[in-house]
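The sequence and the structure come first.

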Amino acid sequence: VQGIPAPANTPGARGWGCLTWVDTSGDLWLYGGLGYNSINGFCGYSDLWKYTISTNEWTWMRGTWNNIPNYGIMGVESSSNTPGHREEVSTSWTGHDNTLWLFGGSSNTGGALNDLWKYNVSDNNWTWMKGSTVPYSSGIYGAIGVADSTNCPGSRWCYSKWRDEDCNFWLFGGLGNDVNGTSGNLNDLWKYDVTTNNWIWMSGSDSCNKQGSYIDYCITNATNCPSSRYENRACWARDCDNFEFFGGTQGANEDKADVWNYSVSTNEWTWITGSSNNSAPDNYGTRTVSSINNSLGSRLGGLAWKDIFGNIWVYGGARNGYQYNDIWRYVADTTCPSIPHCSSNFPCSNYVSGIPQSPANNNSEIHIYPNPTSGIFTFKGNLRFMNYDLRITDVLGREVYRQEIINPNNQTIN
């Protein structure tokens, strides 16, 4: 029953770029994709589901399958509005006001779109916010770095996305349409200002199929730019509004293995790691053993997470037509590029809980000894915190010890 949670409810099997969100209460949401149902068989979904973690139950909220978009009036919420069937949508932006947002993707209206939608959790209604109702729409770029109410990214799917600490939304690349309406791989970076409802073209080219600029690892300057690509879904945010992504593809046998960082404060890109060559192989090394010689090869469509300690995890993806089920951990180098410790006093902060990444910047000193240890060690420091949680993990990131520290400046752990 729509709107009623129940243990027997289930969205059913689906894939092809379903939309997912985490709301401000920590519950999970799912929209669209391609899958099967008992009536139509293989079909495109346009249904919205909520999963409540505390009760382990799904709730069907809206929509069914094969619905076409019903736009209504731009900027006006209505119970009859719907984005319709969607697939290959990369966005999963959640607003600080617990609204859920989506941009573009593909629909059953004939191809890629560039429409922007907002879902209001409180009253279960959609609002068409920006963009065209027509598939394969050209991008309207305007002047780089300048907001304009007429600006809009071209239609596209399979791109990277982020949310900054001021709750604005960002996207990079994808497969879609450039300023001339030409379809191809994109390397443009866009910012959507939630407050003004305007798009801003921030970086990259307004034309498709660009090769980018690879100067050298860890070199940050205004000429750096990743090459055009799509299926670069593996993306994450670090402190101080630094956005990163891994891999993607430019087409058959042109899969990518590079990792890039974009700094909002400087509007500059940094090539961090990974090969600039297409179809780069993996170098696995020994399982669970970190090594500078290990390397994750080219992948498209992989998944990525950032854990509470700031480590990056990447799962699966494909290369040259082969699918992978391996999982990798990447320990970020805070000097490549240099990322200072930042305040978490923002409405949508990406700050990682725990000890600051740069304790020296906070007049803090931390000493742990002996190291290595047989099980007993002393944690000593001149810290500015009154109390906090100490968590110890093994090499796989699994929590093996947790304790509340009341006096942080001298503590023996057994």
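A polar contact is a pair of N or O atoms within 3.5 Å; within protein, one of the two must be able to donate a hydrogen and the other to accept it. The model discussed here is predicted.

**Asn 98.** The side chain of Asn 98 reaches the backbone nitrogen of Thr 24 at 2.9 Å. Asn 98 sits in the loop between strand S6 (93–94) and S7. Because its relative accessibility is 17%, Asn 98 counts as buried, the cut-off being under 20%. Leaving aside residues up to four places away in sequence, Asn 98 touches Asp 23, Thr 24 and Val 121. Its C-alpha atom is separated by 8.4 Å from that of Ser 25, 73 residues apart along the chain.

**Nonpolar cores.** The largest nonpolar core has 32 residues, of which Trp 21 and Trp 199 touch the most other members.

Another core, of 15 residues, lies apart from it; among its members are Leu 189, Met 202, Ala 237 and Trp 260.

**Sheet S20-S21-S22.** Three strands form an open sheet in the order S20-S21-S22, with antiparallel pairing. Strand S20 (303–306) and strand S22 (322–330) are the edge strands, each pairing on one side only. Ignoring direction, neighbouring strands of this sheet are turned by 10° against each other on average. S20 and strand S21 (residues 312–319) run antiparallel and are joined by 4 bridges. Val 314 in S21 is the bridge partner of Ala 304.

Technical notes: Residues are numbered from 1 along each chain as its sequence is written. This is a predicted model: local features need pLDDT of at least 70, side-chain atom pairs count only at pLDDT 80 or more; totals for chains, interfaces and linings use all residues. Side-chain values use heavy atoms; hydrogens and water are left out. Two strands pair if DSSP finds at least two bridges between them. Helices (H or I, at least four residues) and strands (E, at least two) are DSSP runs, numbered from the N terminus. Axes are lines fitted to C-alpha atoms, for helices over the stretch in contact, and angles run from 0 to 180 degrees between N-to-C directions. A nonpolar core is a set of buried Ala, Val, Leu, Ile, Met, Phe, Trp, Tyr and Cys residues joined through side-chain atoms within 4.5 Å. Buried means under 20% relative accessible area, exposed over 50%, partly exposed in between (1.4 Å probe, protein chains only). Contact means heavy atoms within 4.5 Å.
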